[in-house]
Amino acid sequence: MSKTLQTHSFTCMGSPCELKLYAHGKNFQRIVSRALARLVEIENKYSRYREDSITTQINSAAGSDSPVEVDAETAGLLDYADTLYEQSNGLFDISSGILRKVWNFKSQQLPQPSEIEKLLPLIGWRKVMWHKPYFALPQKGMEIDFGGFVKEYAADQIANDLRASGISSGLVNLGGDIAIVGPHPDGSPWVVGIQHPRESGQAIVKIPVGYGAIATSGDYERFMCVAGKRYSHLLNPHTGHCVQPEYASVTVIADQCLIAGSFSSLAMLKSEACVNWLEGAGVAYLQIDQQMAVSGNITIHKK
């Protein structure tokens with residue numbers, strides 16, 4: 001019996017998600033159940049909203065003399081956060097999530113400069129104490145947040161698990177962060193629509209992807225317009241203010257969703273000062289500027 005394309009849609013990590021897999025009907029629900037269980041495990045482990053998560057455990061211990069011992073999976077993510085911090089010159093800093101306390105994009109009101117200034121002393125990856133497997137935040141009120149890349153990490157984990165279970169064709173889509181399990185059975189790639197940055201629900205281009213992963217970062221995900229100026233969720237940890245990116249969105253294709261997502265975010269953060277950063281990054285990319293002009297080295301689907 002041939003495998004048929006089956007889809008399971010669900011919500012996880014605050015985002016609409018789906019699994020598209022070629023599988024036998026009797027096995028599909030079993031495979032989906034295992035995948036969802038692993039996703040819930042990752043979400044519960046790293047959510048800042050749960051009292052029993054490792055994130056909350058670390059944040060609650062900030063300023064104490066009690067470093068938190070972490071497991072190998074969390075240590076790997078902390079090492080990755082350290083790498084991102086160094087590669088971005090501090091623009092990608094998982095201790096900067098505390099800025100959400102003053103940046104409320106639903107309010108349509110800018111925070112007062114004094115409110116931002118009060119939080120800046122609590123931001124800075126260089127301040128953390130990380131001696132594997134022990135991690136500590138030295139100042140009370142400091143926080144870390146894995147939200148900047150844990151969804152992409154989860155997509156990779158699920159794609160790997162699906163391959164290990166015998167699935168060779170399919171994709172994992174977690175809120176637009178997509179890990180390819182494998183191409184269609186006939187070898188043809190998946191065609192992924194890239195969100196139009198200014199037209200909700202519309203694709204500005206479509207991209208064929210057969211292997212690896214694809215992720216997009218944009219200034220339309222969370223934003224507000226005040227006095228005709230756009231302010232997005234892309235915040236500079238050094239200043240506490242919004243980055244004014246050259247691009248409305250950046251899409252990256254890489255071997256892993258974790259890399260694709262991180263590089264797309266880095267490109268947006270860096271574009272204010274360095275518009276060509278991705279040219280030397282060794283990845284496939286597509287950039288959409290503020291005038292909706294498309295550039296990059298990715299092949300666009302023509303049909």
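# Exercises on helix packing and local geometry

The axes of helix H1 (residues 25-46) and helix H3 (residues 72-87) cross at roughly 65 degrees and come within 12 Å. Axes here are lines fitted to C-alpha atoms, for helices over the stretch in contact, with angles running from 0 to 180 degrees between N-to-C directions. This is a predicted model, in which local features need pLDDT of at least 70, side-chain atom pairs count only at pLDDT 80 or more, and totals for chains, interfaces and linings use all residues. Residues are numbered from 1 along each chain as its sequence is written, and side-chain values use heavy atoms, with hydrogens and water left out.

**Exercise 1.** Classify the packing of H1 against H3 and describe their contact.

Solution. Step one is the angle class: angles under 35 degrees count as roughly parallel, over 145 as roughly antiparallel, 65 to 115 as roughly perpendicular and the rest as oblique. With the axes of H1 and H3 crossing at roughly 65 degrees, H1 is therefore roughly perpendicular to H3.

Step two is the hand: a crossing is left-handed if the near helix is turned anticlockwise from the far one by less than a right angle, and right-handed if clockwise. H1 passes H3 in a right-handed crossing.

Step three is the contact, which means heavy atoms within 4.5 Å. From H1, Arg38, Lys45 and Tyr46 meet Glu73, Thr74 and Leu77 of H3. Two of the residues in this contact are nonpolar, one is polar and three are charged. In these classes, Ala, Val, Leu, Ile, Met, Phe, Trp, Tyr, Cys and Pro count as nonpolar, Asp, Glu, Lys and Arg as charged, and the others, Gly among them, as polar.

**Exercise 2.** Describe how H3 packs with helix H6 (residues 257-270).

Solution. H3 and H6 pack at an angle of about 30 degrees, and their axes are 11 Å apart. That angle makes H3 roughly parallel to H6. H3 passes H6 in a right-handed crossing. Tyr80, Leu84 and Gln87 of H3 meet Leu258, Ile259, Ser262, Phe263, Leu266 and Lys270 of H6. Six residues of this contact are nonpolar, two are polar and one is charged.

**Exercise 3.** Find the backbone features at proline 133, asparagine 89 and methionine 292.

Solution. The background comes before the cases. Most residues other than glycine have a negative phi, and most peptide bonds are trans.

- The peptide bond from lysine 132 to proline 133 is cis, with omega near 10 degrees. Proline 133 lies in the loop between strand S4 (129-131) and strand S5 (134-136).
- Asparagine 89, although not a glycine, has a positive phi of about 55 degrees. Asparagine 89 is in the loop between H3 and helix H4 (113-119). Its relative accessibility is 60%, so asparagine 89 counts as exposed. Buried means under 20% relative accessible area, exposed over 50%, and partly exposed in between (1.4 Å probe, protein chains only).
- Methionine 292 has a positive phi, near 70 degrees. Methionine 292 is in the loop between strand S14 (284-289) and strand S15 (294-296).

**Exercise 4.** Is serine 15 buried or exposed, and what does serine 15 touch?

Solution. Serine 15 is in strand S2 (residues 15-23). With a relative accessible area of 13%, serine 15 is buried. Not counting residues up to four places away in sequence, serine 15 touches Phe10, Lys151 and Gly175.

**Exercise 5.** Describe the protein as a whole.

Solution. The protein has six helices and 15 strands. Helices (H or I, at least four residues) and strands (E, at least two) are DSSP runs, numbered from the N terminus. Buried residues make up 51% of the 303 residues. The C-alpha atoms fill a box of roughly 65 × 45 × 35 Å along the principal axes. Among contacts between residues at least 6 apart in sequence, 60% join residues at least 24 apart.
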